[in-house]
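Q: Hey, can you walk me through this one? I'm new to reading structures.

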Amino acid sequence: MSDSATPVRDTLAAMTAASIENSDLPAREHMIARIAALVAVDAPAASYALNVEVAADSGLTLDDIEDILVAVAPIVGTTRVASAVTGIAKGLGIVIELMAEELEAEAEAEAEAEAEAEAAAEDGA
């Protein structure tokens with residue numbers, strides 16, 4: 001078993017990285033195709049959340065996402081685009097919440113380390 005606290009997310013991230021590495025498309029174009037495919041298959045919010053970091057790292061912006069939605073709308077229809085908007089918003093919310101939890105855990109760990117260092121200094125004095 002993996003030592004990671006997020007083995008599923010790590011596996012999916014590795015699959016995404018392998019997909020980009022094994023494609024001749026530049027990472028940005030690859031992520032444009034991926035976002036368009038997520039819209040087309042009516043992906044859940046978690047799927048968008050799993051692609052946020054890679055999309056941002058490839059240079060995609062929220063304006064680009066809006067342009068992708070405009071481009072695929074005539075093909076996939078209003079319902080899928082509206083669902084994608086909701087999924088993207090929820091996916092971003094998931095990412096923000098996870099990042100906040102990570103920051104909180106880091107702050108707690110730092111506070112504990114500082115308290116232990118202070119206690120050790122007092123014991124040594």
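Q: Let's start with Glu66: how exposed is Glu66?
A: Glu66 counts as partly exposed, because its relative accessibility is 47%. Buried means under 20% relative accessible area, exposed over 50%, and partly exposed in between, using a 1.4 Å probe and protein chains only.

Q: And where is Glu66 found?
A: Glu66 is found in helix α4. Helices here are DSSP runs of H or I with at least four residues, numbered from the N terminus.

Q: How far apart are the C-alpha atoms of Glu66 and Val85?
A: They are separated by 8.9 Å, and the two residues are 19 residues apart along the chain.

Q: Before we go on, what kind of model is this?
A: This is a predicted model, where local features need pLDDT of at least 70, side-chain atom pairs count only at pLDDT 80 or more, and totals for chains, interfaces and linings use all residues. Residues are numbered from 1 along each chain as its sequence is written, and side-chain values use heavy atoms, with hydrogens and water left out.

Q: Which residue forms a salt bridge with Arg9?
A: That's Glu102, with the closest N and O atoms 3.6 Å apart. Glu102 lies in helix α5 and Arg9 in helix α1, so the pair ties together parts that are 93 residues apart in sequence.

Q: What about Arg28, what does its side chain meet in a salt bridge?
A: The side chain of Asp64, at 2.8 Å from N to O. Arg28 lies in helix α2 and Asp64 in helix α4, so this pair ties together parts that are 36 residues apart in sequence.

Q: Is Asp64 buried or exposed?
A: Asp64 counts as buried, because its relative accessibility is 16%. Leaving aside neighbours within four places in sequence, Asp64 is in contact (heavy atoms within 4.5 Å) with Arg28 and Gly59.

Q: New topic: where is Asp42?
A: Asp42 is in the loop between α2 (27-40) and α3 (45-57). Asp42 has a positive phi of about 55 degrees although it is not a glycine.

Q: And how exposed is Asp42?
A: Asp42 counts as partly exposed, because its relative accessibility is 35%.

Methods
Helices (H or I, at least four residues) and strands (E, at least two) are DSSP runs, numbered from the N terminus. A salt bridge is a side-chain nitrogen of Lys or Arg within 4 Å of a carboxyl oxygen of Asp or Glu.
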